[in-house]
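Hi everyone, thanks for coming.

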Protein chains: 2
Amino acid sequence: MNVLPALSDQKSGQSRVVIEHVSPEIDGGRFPIKAIPGDVIAVEADIFADGHDYLSARLLYKHSHDTAWIEMAMTLIVNDRWGASFIAEKEGKYTYTIDAWVDHPASWQHEIHLKVADGQIITSELLAGAKYLDGMIERAGGRIEVKEEGKKGGKSKKKAEPVEESVDVRALLEMAALFRDESRYDEAVSVAESDQFTFYANRYPERQHVSRYAAELGVEVDRARAGFSTWYCLFPRSASRQEGIHGTFKDVEALLPRISGMGFDVLYLPPIHPIGTSHRKGKNNSVTCQPGEPGVPYGIGSPEGGHDAIHSELGTVDDFKHLIAIAANYGMEVAMDLAIQCSPDHPWATEHPEWFKKRPDGTIQYAENPPKKYQDIYPVYFETEDWENLWNELKRTLLVWASWGVRIVRVDNPHTKPFGFWEWVIAEVKQEYPDMLFLAEAFTRPKVMQQLGKLGYAQSYTYYTWRNSKYELEQYMTELTQTEMKYYYRPNFWPTTHDINPYSLQGGHEPQFLIRYFLAATLSSNYGIYGPSFELMEHVPFPNKEEYLNSEKYEIRLWDWDKTNKLTYLITLVNRIRHENKALQATNNITFCQVNDDAIMAYLKVSGDNRLLIVVNTDAYNRRAGVIQVPIWQLNIHPEQSYGVHDLLTGAYYTWQGEQNYVELDPYALPMHLFKIEV
Amino acid sequence: MNVLPALSDQKSGQSRVVIEHVSPEIDGGRFPIKAIPGDVIAVEADIFADGHDYLSARLLYKHSHDTAWIEMAMTLIVNDRWGASFIAEKEGKYTYTIDAWVDHPASWQHEIHLKVADGQIITSELLAGAKYLDGMIERAGGRIEVKEEGKKGGKSKKKAEPVEESVDVRALLEMAALFRDESRYDEAVSVAESDQFTFYANRYPERQHVSRYAAELGVEVDRARAGFSTWYCLFPRSASRQEGIHGTFKDVEALLPRISGMGFDVLYLPPIHPIGTSHRKGKNNSVTCQPGEPGVPYGIGSPEGGHDAIHSELGTVDDFKHLIAIAANYGMEVAMDLAIQCSPDHPWATEHPEWFKKRPDGTIQYAENPPKKYQDIYPVYFETEDWENLWNELKRTLLVWASWGVRIVRVDNPHTKPFGFWEWVIAEVKQEYPDMLFLAEAFTRPKVMQQLGKLGYAQSYTYYTWRNSKYELEQYMTELTQTEMKYYYRPNFWPTTHDINPYSLQGGHEPQFLIRYFLAATLSSNYGIYGPSFELMEHVPFPNKEEYLNSEKYEIRLWDWDKTNKLTYLITLVNRIRHENKALQATNNITFCQVNDDAIMAYLKVSGDNRLLIVVNTDAYNRRAGVIQVPIWQLNIHPEQSYGVHDLLTGAYYTWQGEQNYVELDPYALPMHLFKIEV
């Protein structure tokens, strides 16, 4: 509190400008904001000084590879709020801060205007102005040699002589001479009032007693896929087309034409490591396992190896690298799953027993969620005294994955491992692989999820899976895109996951699947589906749970990889539209429109010229109709001007006019429009 | 940005708790909040860790005279928000911060409950609990001597033996022994589940890998008058009762019985220093002055002296000290006026010409607000290279005033002097005189006024003078009392000042004066009036300005000090009510009530049992009626219960019931109620 400027600190005593409430700024600059290349970073701050002098302010920014700050002039918005922006062009880290100072030449010119308008003689003021010009000459590179000219009237008089001359220096010298020449008074007054004076004063500013904002704020610029990605989850062991045969990476390769053809660009695989046998779980999470059952991929580790090994039935490390290479040919990346937990057979259990919590009898503590016991899992004990080696081993594991070509990691339950670890390991890995992206699979309390976003996760799972009504969805989207979260939290929307079969879809009602899919794909630029299960509208739950019956977490499933239906058609179409329309490649560019129906949602997505109006009936059982209030003022459309709305899903074309326009959506036909606005 | 825990920093790697978004906290802890003795400081923070363990959090606070932190247990409010509070009992500075840690014993006990309820045997868990008890014994002062007892089964076994014993240590030792005694299993389980265990775990907490909030936040506790004061402004030179005679401090003393009798406790005097003669201004701010005109008290400095001297026609320094002493007998303080500007005759102009800005011809620059010129004033040049001596001289001046007995200083136009100076000089003066209070007379842009409040001003003028309608007043009060401003900005409401004759009062309409007075005195616990002028409802403006004709800034006025009227009656009554009702001695304790009339305002002020409902008709010209929605839920009044509202202004007593109650106010009778709620 209350850090006083020391009286001995010369600079602070004369500095008069306060810079505060900078935005964006996360937790006082503790965390960076996020961007992708090309994003405009709009910075604002309260900037003011005592008195009525004019101020100048500059936004300073630089990429971590730059040595010098780049400057942007800030302009006053209103009420002492100033703004400027810069473009985060390159991947990597930017920092930004603000300089501001009392702009004496600008105040001087302002007063000149007032005095001249009042008919005052400003000879004395022009001499003061010449002094400002002397300063500009010096800063323009025209070094001034000061010669003592002897004393006149008891005062020493100095004469400025430039040593080098540039175009600017010559112009400034002329102006200074003019200001000092009483015989050319009228000409001098006109130059003093001119834009030319303003121009040079801004080009060679005084910056006297400049105030620098106390913090340097950060921008983490990830590659473009961090902001726009379309995920497909499958279990490779279920990739076979033959009953009873364990799928392999080769089988997955065979599925790539279909999956990429549907428009997906991230193929996410649950853990592909050796699976433990001790206390191995059976079908439907049974505590006993029948001979031949494959176990749970999250029960990681066996004598074959741990997190840096590959389950041999899937293939070899080389096979996995081959899959990554083939996927790349299809424009797809392979995302791995980091689940920091071990089966009792994991090599760490014997090599590093100190990384696990001990019971009083000295045995390793298995996982519990009392009264439930999970004897097949040893949680890693992050409070271990040997935490440094543990952290380094986990970092090493990620670097091994990166060496295989993996650049996206989905992290299982990151909220049950310390925040400090994630902040450290993500930064460390990105030091070597700046293109690495991490997705946080945390379904927990809001502040915990936010913290993971702040400390480095490029993307995060969300509550979307449980937000169904129009009211809930609009509230949630507002929280994600209109609060501070928009700066650091990149949502990734999933209608279902391999862990979650939400109640809203357990009815297996096709329009509901269409709606839940479509909302995810158009509300969020990042979304994913739990592939074959979702496409086939799998919905039968494990009784009374939001989980699947016969989940492939516990068994190998045989999927019909050739089936197409209304949903797969919609997925393929919407993914194509997402690729063709920039407005769907960002999330924060959303504006909700008023609709006089409690189920019909309408939202505008705008990116430059690309303007989409999306309308969804969130009631999967009833035909709904309503009037949308289109924010034509935001679209620069005159109230009497007609405009076209072109449904990219059906090809239908409507001519609308004014704010109020009627829509009607039948869930059994198609419960949505995806309009492109054409003026 | 992005400060990573060094891997070598052992503590940070195991610390798991995040503490953020602490409230109150002004600008990241840059500034303290304000309080008066007895105020409850309610602190909240987001506190959370990874996983599902129980947490403990403590609010730590201390007075600057204390060496050790005092701790208050924080409790979870909702959604990871925790809270606790402490009382700022003494004047001076407090600091507070937060400790939080993962509470393993609490998590352990929670799991015990679940396992026991599930019928599990918890022998192993009891041994883990005994370890926690060992820790508590040690922290309770029962030093444990560890003896090697030889090896059994390859493991070394240790036995704990306490050296000293207190009641707590004995109880804990018994519990630990019980937990290790399998023969008393049932008893041990019951103790493990008991409140006794919880009690000791909280009394002797583990604090393992504790997280300390990054900042220590400040509370500036001023004396009570900072929070509750009633100001009266007069020009002592107009205190005489005889035409043409310059008033003196003795004349002021003669007025004290009347002024204190009306309930005022701060007597504020505009500058009382010698007045310059160069370019002295005449009556009504005329640039020429007739012989014998007294000049403007704000044109400070003459050969008689400057800011540390007294204008001789008012009396001597001893006379001024005498006035202060007599005022004290009446329970009043004398506030001086700090106007940092000089007449050309001020001693500084010759002794420290470097403290003023020079024109190119070497003469001192007089004040300008182009195109206007103020040749009678030299502004002090805070950007001078000699700023350290200037600052020290101003500090010395304030210390001279303090040595006379002055403990309240009203500062004229602080917003035209650097923020850094005020922060420094206020802190320096309070170092020697902690009871010194400063009032900022800044009528300027919001953020500038806020900054002055943050950096140390105990009280601040406000926009109240120009907030007239119900809507404006409710908006403004909400900004002052419901935003962050409530922590650092203490408003002082003035219906008029010697500089401001607001348009709303220029009609001289008596009900308007009653309303403007009453709102100031009941909305804000600190308020003031420009004494004789306001009482007598002076209102004739200087043409087209919000200033007074024949202002006593430029001439000596003869006031009728014996006159009483409806307004003086109301002032005397309201000041008495303010002293008798704690609810009027604070400002932030306000709740506005809905009224179905756009002119009638109703607000509840509550302090403990003291509950007032204030109703004002802000329309000074028309009788208004409406229905007030009394927030009886907040008052703990049942909807079917009747309650009395007792008008402390008139003695009238009404019996009300329920939320909706009718009021009618005639501005020509009395445009307000001041109800005490009596249940």
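Let me start with a question: is A:Arg410 buried or exposed? A:Arg410 is buried, and its relative accessible area is 0%. By buried I mean under 20% relative accessible area, while exposed is over 50% and partly exposed is in between, all with a 1.4 Å probe and protein chains only.

Quick housekeeping before we go on. This is a predicted model, where local features need pLDDT of at least 70, side-chain atom pairs count only at pLDDT 80 or more, and totals for chains, interfaces and linings use all residues. Residues are numbered from 1 along each chain as its sequence is written, chains are lettered from A and ligands numbered from 1 in the order in which they are written, and side-chain values use heavy atoms, with hydrogens and water left out.

Okay, back to A:Arg410. Its side chain meets that of A:Asp412 in a salt bridge, 2.9 Å from N to O. For a salt bridge, a side-chain nitrogen of Lys or Arg has to lie within 4 Å of a carboxyl oxygen of Asp or Glu. A:Asp412 is buried too, at 7% relative accessibility.

Now hop over to chain B for two other salt bridges. One of them joins B:Glu253 and B:Lys250, with the closest N and O atoms 3.6 Å apart. These two sit three residues apart in helix 7 of chain B, residues 249-261, so about one helical turn separates them. Helices here are DSSP runs of H or I with at least four residues, strands are runs of E with at least two, and both are numbered from the N terminus. B:Glu253 counts as buried at 13% relative accessibility, whereas B:Lys250 is partly exposed at 44%.

The other one is between the side chains of B:Lys281 and B:Asp376, at 3.6 Å from N to O. This pair links distant parts of the chain, 95 residues apart: B:Lys281 is in the loop between strand 14 (266-268) and helix 8 (317-329) of chain B, and B:Asp376 is in the loop between strand 18 (372-374) and strand 19 (378-379) of chain B. B:Lys281 is buried at 8% relative accessibility, and B:Asp376 is buried at 9%.

Salt bridges also chain up. Through shared partners, A:Asp337, A:Arg410, A:Asp412, A:Glu441, A:Asp499 and A:Lys553 form one network. Over all chains, the structure holds 94 salt bridges.

One crossing pair is A:Asp80 with B:Arg445, whose side chains come to 2.8 Å, N to O. On the chain A side, the residues touching chain B are 27 nonpolar, 24 polar and 29 charged. In that scheme Ala, Val, Leu, Ile, Met, Phe, Trp, Tyr, Cys and Pro are nonpolar, Asp, Glu, Lys and Arg are charged, and the others, Gly among them, are polar.

Staying with the interface, 80 residues of chain A are in contact with 79 of chain B, where contact means heavy atoms within 4.5 Å. The buried area between the two chains is about 6800 Å², with carbon and sulfur atoms giving 52%. That area is the accessible area (1.4 Å probe) that two parts lose on being put together, summed over both.

A:Gln109 is in helix 2 of chain A, residues 104-117, and is buried at 7%. Leaving out residues up to four places away in sequence, A:Gln109 touches A:Ala192, A:Glu193, A:Ser194, A:Phe197 and A:Thr198.

Then there's strand 1 of chain A, residues 17-23, which is mostly covered, with five of its seven residues buried. Strand 1 pairs with strand 3 of chain A, residues 39-49, in the antiparallel sense over five bridges; pairing takes at least two DSSP bridges between the strands. Within that pairing, A:Ser23 stands opposite A:Glu44 in strand 3 of chain A.

And what about A:His65: buried or exposed? At 66% relative accessibility, A:His65 counts as exposed. You'll find A:His65 in the loop between strand 4 (55-63) and strand 5 (70-73) of chain A. By contrast, B:Thr230 in strand 13 of chain B, residues 229-233, is buried with a relative accessible area of 0%.
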